[in-house]
There are 2 protein chains.
Amino acid sequence: MTFADKLDRAWSVSGGMLCVGLDPVLERMPEACARDPRPVLAFNRMVIDAVGDLVCAFKPQFAHHAALGAERDLAETIAYAHAKAPHAVVILDAKRGDIGTTADMYAREAFERYEADAVTVNPFMGDDTVNPFLAWSDRGVLVLCRTSNPDARRIQGIEVEGEPLFVALARRAETVWNAAGNCMLVVGATDLDDLARVRAAAPSLSLLNPGVGAQGGSASDVVRYGARADGRGLVVSASRSVIEAGGPDAVRAAAERLHAELRLPEPVA
Amino acid sequence: MTFADKLDRAWSVSGGMLCVGLDPVLERMPEACARDPRPVLAFNRMVIDAVGDLVCAFKPQFAHHAALGAERDLAETIAYAHAKAPHAVVILDAKRGDIGTTADMYAREAFERYEADAVTVNPFMGDDTVNPFLAWSDRGVLVLCRTSNPDARRIQGIEVEGEPLFVALARRAETVWNAAGNCMLVVGATDLDDLARVRAAAPSLSLLNPGVGAQGGSASDVVRYGARADGRGLVVSASRSVIEAGGPDAVRAAAERLHAELRLPEPVA
């Protein structure tokens, strides 16, 4: 199964384009999880159980585990997501960016050690940093393009031959990096005009859109500005607004509201 | 002690500007290390014992540990370096790049969990990604500027108002990011003209220069093109050409040759 097939199945089975980020913070999790001998794993499992059928993807965030020395929890979280929501794509959000054998090591870490379906990658070092990940042709490589933070445009918005760098990156992804169908772009949900420019430059690519919820982006707007012509092509990610909503019922309710905004168009009979 | 003071002491005590990278590869280490129950730690300790007095810095590479699940070895390697070569600065080469609380988590990982003196950071997401690290004012933040790989200039070399991006980044580091004296730049040893341009734009900053040895850069040329006016200001890093030279004697001999090229100028009496 190619990465594109897996993503397509994830949209179909979940009926929408919602991704939930797994960014555990000890100080902000429910008592029942925080008291568990393995709080990070308990919290992630609670979220996966609550929303597994509603999401096309889970996005565990590397630093939130690494800062706590919770590598084993991260590995078991990903295995749990594969078992409980086998349709869902697991994206390790680690924003790796290195070259040569070091990039190979990062790919082995993400795809073999953690068994993630996909990983986020930072293109600042050029094609040398993207290619070693793309060589894993059945895994997704999500290249940072136009991120959701306030100062994103300082570098990503530099004009290159009359267009911003992030548009040039989108075109390169569409025409070069996606040769094996396993390249996506990370485009924040916080600037809809820039999202539309990426979509125009990369009509066939799938996009990961962080920034919905706590960062202020609207899920239905992301669909309006960012969906592919066939109504698919997005993985819209919310973290704090869902996972910190409270206990399992509150988490599910928050995810259901977003799922409704991100529902796939009805298939034409 | 500020980071700048620590670095200055490291140059003085070691008498030079040599940094040795710790990039353990199981298939390429001496038998005696590979047979150890903890081969990664055994290898790193062998290198630290062999060259500790010759280096101003050690640069453990994150992926080479993470791909093997060797986080404990990484932590114990850094503790061993602090104990055996207390003058040497330990730079965690992890090329982190994220924002907000996630960047805070990466800083906690590098500076608290691993007790590194410094970490490499990728500026693609803008100041939002650099500032959370710079806030740790006694730790070094090494921002990627002009890396040593063949395709580095694809993004880093884009012209911004008549000069390449990496020159603009160097000026920003000199004038903004280094307010607390804890910012350095990563500038490859493989392009001497670009190194000289960074030095001109950032006359006071210290630079980490990877790419000596296996990647083809010459240590003495790096000093000629990159040193500050006072003859200091560089941390010139070699990995494979030193650590894969053979057993402890061969490793030391390789480091001694580089140390001779990177010796500090004699103080004027």
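Predicted model: local features only at pLDDT ≥ 70, side-chain atom pairs only at ≥ 80, totals over all residues.
1. Glu161(B) lies in the loop that joins β6 (159–160) to β7 (163–164) of chain B. Its phi is near 45°, a positive value in a residue other than glycine. That is worth a glance, since most residues other than glycine have a negative phi. Is Glu161(B) buried or exposed? With 7 C-beta neighbours inside 10 Å, Glu161(B) counts as exposed, because the cut-off for that class is 12 or fewer.

2. On to helix packing in chain A. Two packed helices are described by the angle between their axes and the distance between the axes. For helix α3 (residues 39–51) and helix α5 (residues 71–84) of chain A, the angle is about 20° and the axes are 9 Å apart. Angles under 35 degrees count as roughly parallel, so α3(A) and α5(A) fall into that class. Their crossing is right-handed.

3. Which residues bring α3(A) and α5(A) together? From α3(A) come Val40(A), Leu41(A), Asn44(A), Arg45(A), Ile48(A) and Asp49(A). The partners on α5(A) are Asp73(A), Glu76(A), Thr77(A), Tyr80(A), Ala81(A) and Lys84(A). Sorted by class, this contact holds five nonpolar, two polar and five charged residues.

4. Helix α9 (residues 165–175) packs against helix α10 (residues 192–201) at an angle of about 30°, with 8 Å between the axes. α9(A) and α10(A) are therefore roughly parallel to each other, and this crossing is right-handed. On the α9(A) side, the contact is made by Phe166(A), Val167(A), Ala170(A), Arg171(A) and Glu174(A). α10(A) supplies Asp194(A), Arg197(A), Val198(A) and Ala201(A). By class there are five nonpolar, no polar and four charged residues in the contact of α9(A) with α10(A).

5. Now for the two chains together. How is chain A superposed on chain B? A rotation of 180° with 0.0 Å of shift along its axis does it, at an RMSD of 0.0 Å. The two copies are thus related as by a two-fold rotation axis.

6. Finally, the interface itself. Chain A gives 35 residues to the contact and chain B gives 35 residues. On the side of chain A that touches chain B, the elements with two or more residues are α4 (62–66), α6 (100–113), α7 (127–134) and α8 (153–156). Of these, α6(A) has the largest share, six residues. This side of chain A has 16 nonpolar, nine polar and ten charged residues. The copies meet through the same surface, because 100% of the interface residues of chain A are also interface residues in chain B.

Conventions. Residues numbered from 1 in each chain as written. Chains lettered and ligands numbered in written order. Axes fitted to C-alpha atoms, helices over the stretch in contact; angles between N-to-C directions. Helix = DSSP H or I, 4+ residues; strand = E, 2+ residues; numbered from the N terminus. Parallel < 35°, antiparallel > 145°, perpendicular 65-115°, else oblique. Left-handed = near helix turned anticlockwise from the far one by under 90°. Contact = placed C-beta atoms within 7 Å. Nonpolar A, V, L, I, M, F, W, Y, C, P; charged D, E, K, R; others polar. Buried ≥ 20, exposed ≤ 12 C-beta atoms within 10 Å, placed from the backbone. Least-squares fit on C-alpha atoms with pLDDT ≥ 70 in both.
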